[in-house]
Amino acid sequence: MPQETSVSSLITVTDDSFAELVLASDRPVVVDFWAEWCPPCKMIEKSLVELAQEFGDRMVIAKLNSDDNPQATRRYAVMSLPTLLVFRGGEVVGSIVGSRPKLHLRQSLTMHAGL
């Protein structure tokens, strides 16, 4: 069962739940690699919550704290935060590095997720 974050509509993913919640998902999954100390990460959070509500059941938007989950962070060579990786069928199909306006996020996620 996905763990809800304090921000409803975003799920929390960990190293332990990554395979089940991201790689095995039958829907596109966007994973937001973030950290508490990262101001740009906090800047895009509101946009991600709103986009999760817009996309509804067509896409999952998840958060992964990079400091607490180094395995996934290393596996996908995340070097800058925030980094959004878009997964379809267990494979990375797109990425967005850095803070971006909501319009850019919507367009990029729609394109990468094939919606």
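# Close-up views

**Ala77 lies in the loop that runs between helix H3 and strand S5.** The model is a predicted one, in which local features are reported only where pLDDT is at least 70 and side-chain atom pairs only at pLDDT 80 or more, while totals for chains, interfaces and linings take in all residues. Residues are counted from 1 along each chain as its sequence is written, and side-chain values rest on heavy atoms, with hydrogens and water left out. Helices (DSSP runs of H or I, at least four residues) and strands (runs of E, at least two) are numbered from the N terminus. The phi of Ala77 is near 50°, a positive value in a residue other than glycine, and at 53% relative accessibility Ala77 counts as exposed; here exposed means over 50% relative accessible area, buried under 20%, and partly exposed in between, for a 1.4 Å probe and protein chains only. The loop between H3 (70–75) and S5 also holds Pro82, and the peptide bond that joins Leu81 to Pro82 is cis, with omega about -5°. Most residues other than glycine have a negative phi, and most peptide bonds are trans.

**Strand S3, with Trp34, is mostly covered.** Six of the six residues of S3 are buried: Val29, Val31 and Phe33 point one way from the strand, whereas Val30, Asp32 and Trp34 point the other way. In a regular strand the side chains alternate between the two faces of the sheet. S3 pairs with strand S4 (residues 60–65) in the parallel sense over six bridges, two strands being taken as paired if DSSP finds at least two bridges between them. Trp34 itself is buried, with a relative accessible area of 15%. Leaving aside neighbours within four places in sequence, Trp34 is in contact (heavy atoms within 4.5 Å) with Cys41, Lys63, Leu64, Asn65, Ser66, Asp67 and Leu81. From C-alpha to C-alpha, Trp34 and Thr73 are 9.7 Å apart in space, although 39 residues separate them in sequence.

**Cys38 and Cys41 are linked by a disulfide.** The sulfur atoms of Cys38 and Cys41 are 2.3 Å apart, and a disulfide is counted here when a pair of cysteine sulfur atoms lies within 2.5 Å; by this rule the count comes to one. A disulfide is a covalent bond between the sulfur atoms of two cysteines. The link of Cys38 and Cys41 is right-handed, with 80° about the S-S bond. Both partners are buried, Cys38 with a relative accessible area of 2% and Cys41 with 3%.

**Strands S5 and S6 form a hairpin.** S5 and S6 run antiparallel and are joined by six bridges, one of which sets Val86 against its partner Gly94 in S6. Two residues lie between the strands, and Gly89, in the turn, has a positive phi of about 60°.

**Helix H4 (residues 102–113) has a buried side and, on the other side, exposed residues.** H4 has 12 residues and reaches 16 Å from its first C-alpha to its last, close to the 16 Å expected at 1.5 Å a residue, the expected span being 1.5 Å times one less than the number of residues. The buried residues of H4 are Leu105, Ser108, Leu109, His112 and Ala113. They lie on the same side of H4 because they cover an arc of only 115° around the axis, the arc being that of the directions from the helix axis to the C-beta atoms. An α-helix has 3.6 residues a turn, so residues three or four places apart point the same way. Leu103, Gln107 and Met111, on the other side of H4, are exposed. The cover over the buried residues of H4 includes strand S3 (29–34), helix H2 (39–55), strand S5 (83–88) and strand S6 (91–97). Just after H4, Gly114 takes a positive phi of about 70°.

**The whole chain has four helices and six strands.** From the N terminus on, the elements run β-β-α-β-α-β-α-β-β-α. The C-alpha trace spans about 30 × 30 × 25 Å along its principal axes, and buried residues make up 47% of the 115 residues. Among contacts between residues at least 6 apart in sequence, 67% join residues at least 24 apart.
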